[in-house]
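The exercises below are meant to be worked through with the sequence and the coordinates side by side. Try each task before reading its solution.

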Amino acid sequence: MFHWLEKNPFFFAVGVFLVIAFAGIIEILPNFAEASRPVAGLRPFTVLELAGKNVYMKDQCIACHSQLIRPFKAETDRYGQYSLSGEYAYDRPFLWGSKRTGPDLHRVGNYRTTDWHENHMWEPSSVVPGSIMPAYKHQFTNIADLETAYAEAVTVKNVFKTPYGDDIQAGKAAWEAYKPKVLAEAQKIAANMKNKDVKDAVAAGKVPEVVALIAYLNSLGTSRYEAKK
């Protein structure tokens, strides 16, 4: 057999390729699958955070901000621990981004507050002198689409087995029963804000986009790890 292969270099090369490919698959695939699993304690986004994520996508925040900290000292010194693939297990879609006109936001929830985000979205240069980021004052009056976010939670729960509780079910009645939990979460965010119109809207049962967006930004980082609570 080996003597025959020595006389046929083409088949010898094919045989070597197949052996290396088979060994690579055995070695790489299990580690890849393991790394893709949720990191310990990671929870899915809440419905309010999902609504904020949708605002993030609608207003194209990804055009200027990434959510992927690379394992380089310059990045970990500035943004914190490098990103792990298991931290994105419940992100659909991923919002890694590739352009950094602004800073990376993957762990912004670890070092920014609700008050800071409110000031930043209203007038960026008030908290970051010289900032070229535009103001997003429309988010203080536009109302977040909570029903769509709830439907998204139902979908990923049923299709991807995302671990939401039994209280998230399909149907209008289920949403109406769940809605008070979303409003309660929004009220906690609004309580730390100064804008009176936002507070009044939340008190009336309407959630401005900025509240949902701040909930989402506050969740980025390690704040979605149950073990950290």
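**Exercise 1.** In which loop does His138 lie, and which residues is His138 in contact with, leaving aside its neighbours within four places in sequence?

*Solution.* The model is a predicted one, and the solution begins with the position in the chain. His138 lies in the loop that runs between α5 (114-122) and α6 (146-160). With a relative accessible area of 31%, His138 is partly exposed, because that class covers the range between under 20% for buried and over 50% for exposed. Once its neighbours within four places in sequence are left aside, His138 is in contact with Lys58, Asp59 and Glu209. With one of these, Asp59, the contact is polar and runs from side chain to side chain at 3.1 Å.

**Exercise 2.** With which residue does Lys58 form a salt bridge, and is Lys58 buried or exposed, or partly exposed?

*Solution.* Lys58 forms a salt bridge with Asp59, with the closest N and O atoms 3.0 Å apart. Lys58 has a relative accessibility of 44% and therefore counts as partly exposed, whereas Asp59, at a relative accessible area of 14%, is buried.

**Exercise 3.** How many salt bridges does the structure hold, and which residues do shared partners join into one network?

*Solution.* The structure holds 14 salt bridges. One of them pairs Arg43 with Glu49, where the closest N and O atoms are 3.0 Å apart, and both of these residues are buried. Another pairs Glu176 with Lys172, the closest N and O atoms being 3.9 Å apart. Glu176 and Lys172 both lie in helix α7, four residues apart, which is about one turn of the helix. An α-helix has 3.6 residues a turn, so residues three or four places apart point the same way. Glu176 itself is partly exposed, its relative accessible area being 40%. Salt bridges that share partners join Arg70, Glu75, Arg100 and Asp104 into one network.

**Exercise 4.** Where is His106 found, and is His106 buried or exposed?

*Solution.* His106 is found in the loop between α4 (73-79) and α5. At 5% relative accessibility, His106 counts as buried. Not counting residues up to four places away in sequence, His106 touches Ser66, Gln67, Leu68, Ile69, Ser83, Glu87, Tyr88, Leu220 and Gly221. With Ser83, His106 makes a polar contact between side chains at 2.6 Å.

**Exercise 5.** Which residues of α5 are buried, and what do the elements that cover them include?

*Solution.* The buried residues of α5 are Thr114, Trp116, His117, Glu118, His120 and Met121. Their cover includes α7 (172-191) and α9 (209-219).

**Exercise 6.** Which residues form a nonpolar patch on the surface, and which helix supplies the largest share of the nonpolar patch?

*Solution.* The patch is formed by Met1, Phe2, Trp4, Phe10, Phe11, Val14, Phe17 and Leu18, which together have about 980 Å² of accessible area. At least two residues of the patch come from each of α1 (2-7) and α2 (9-36), and the largest share, five residues, comes from α2. Phe17 has its place in helix α2 and, at 58% relative accessibility, counts as exposed.

**Exercise 7.** Which peptide bond is cis, and what is the phi of Gln60?

*Solution.* Most residues other than glycine have a negative phi, and most peptide bonds are trans. The bond from Arg92 to Pro93 is cis, with omega near 0 degrees, and Pro93 has its place in the loop between α4 and α5. Gln60 has a phi near 60 degrees, a positive value in a residue other than glycine; Gln60 is found in the loop between α3 (47-58) and α4 and counts as partly exposed at 48% relative accessibility. Lys161, which is not a glycine, has a positive phi of about 60 degrees. Lys161 is found in the loop between α6 and α7 and is exposed, with a relative accessible area of 66%.

Key
Residues are numbered from 1 along each chain as its sequence is written. This is a predicted model: local features need pLDDT of at least 70, side-chain atom pairs count only at pLDDT 80 or more; totals for chains, interfaces and linings use all residues. Side-chain values use heavy atoms; hydrogens and water are left out. Buried means under 20% relative accessible area, exposed over 50%, partly exposed in between (1.4 Å probe, protein chains only). Contact means heavy atoms within 4.5 Å. A polar contact is a pair of N or O atoms within 3.5 Å; within protein, one must be able to donate a hydrogen and the other to accept it, and residues adjacent in sequence count only if both atoms are side-chain atoms. Patches are made of residues with over 30% relative accessible area and no salt bridge: like charges are joined within 9 Å, nonpolar side chains (Val, Leu, Ile, Met, Phe, Trp, Tyr) within 5 Å. Accessible areas come from the Shrake-Rupley method with a 1.4 Å probe; for residues, only the protein chains shown count as cover. A salt bridge is a side-chain nitrogen of Lys or Arg within 4 Å of a carboxyl oxygen of Asp or Glu.
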